[in-house]
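Colleague: I have the model open on my screen. Can we go through a few residues and then the overall fold?

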Amino acid sequence: MIYKYVYDLARQMGISLTRMSVVDGRSVGCLGVHLLYFGTTDKMVSALVHQSDLDDLKNDICCDRLELKIRVALARLEINKSSH
């Protein structure tokens, strides 16, 4: 579900993502969070999201914090793209 959500936000912002991955925070010693990595062919950004936000998304509950984190990361991707 998070994949579709991120790709939809990127599309709304005019960004064409080519890759995305999700890393469970437990694998790096952080409980209750996930690392989202996404990017274009030549640039990659990340966002740290809480499990509770992903649960809200799954349950169709408005999650402004999740949307903001992803939009900020996507904006960083655009800034990185335009600076090269």
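Colleague: His-34 first. Is it buried or exposed?

Modeller: Buried. This is a predicted model, and in it His-34 has a relative accessibility of 11%. The cut-off for buried is under 20%, so His-34 falls on the buried side.

Colleague: Which element does His-34 lie in?

Modeller: Strand S2, which covers residues 33–39.

Colleague: And what does the side chain of His-34 make a polar contact with?

Modeller: With the side chain of Gln-51, at 2.4 Å.

Colleague: Which residues is His-34 in contact with, leaving aside its neighbours within four places in sequence?

Modeller: Val-22, Val-23, Asp-24 and Gly-25 on one stretch of the list, then Ala-47, Leu-48 and Val-49. Gln-51 is there too, along with Leu-54.

Colleague: Switching to Met-44. Where is Met-44 found?

Modeller: In strand S3, residues 44–50.

Colleague: What is the relative accessible area of Met-44?

Modeller: 36%, so Met-44 counts as partly exposed. That class lies between the under 20% of buried and the over 50% of exposed.

Colleague: What does Met-44 touch, not counting residues up to four places away in sequence?

Modeller: Arg-19, Tyr-37, Phe-38, Gly-39 and Leu-77.

Colleague: I was also looking at Ile-15. What separates the C-alpha atoms of Met-44 and Ile-15?

Modeller: 12 Å, with the two residues 29 apart along the chain.

Colleague: Now the whole chain. What pattern does the protein chain follow along the sequence?

Modeller: It reads α-β-β-β-α-α. The secondary structure comes to three helices and three strands.

Colleague: What share of the residues counts as buried?

Modeller: 35% of the 84 residues. The accessible surface of the protein chain is about 5,200 Å², with 56% of that belonging to carbon and sulfur atoms.

Colleague: And contacts between residues 24 or more positions apart, what do they account for?

Modeller: 40% of the contacts with a separation of 6 or more.

Colleague: Last one, charges. How many positive and negative ones does the protein chain have?

Modeller: There are 11 positive and 10 negative charges, and their mean positions are 6 Å apart.

Note on methods
Residues numbered from 1 in each chain as written. Predicted model: local features only at pLDDT ≥ 70, side-chain atom pairs only at ≥ 80, totals over all residues. Heavy atoms only, no water. Helix = DSSP H or I, 4+ residues; strand = E, 2+ residues; numbered from the N terminus. Buried < 20%, exposed > 50% of the residue type's maximum accessible area, 1.4 Å probe, protein only. Contact = heavy atoms within 4.5 Å. Areas by Shrake-Rupley, 256 points an atom, 1.4 Å probe, with all protein chains shown as cover. Lys, Arg positive; Asp, Glu negative; His and termini not counted. Charge placed at Lys NZ, Arg CZ, Asp CG, Glu CD. Polar contact = N/O pair within 3.5 Å; in protein donor to acceptor, adjacent residues only side chain to side chain.
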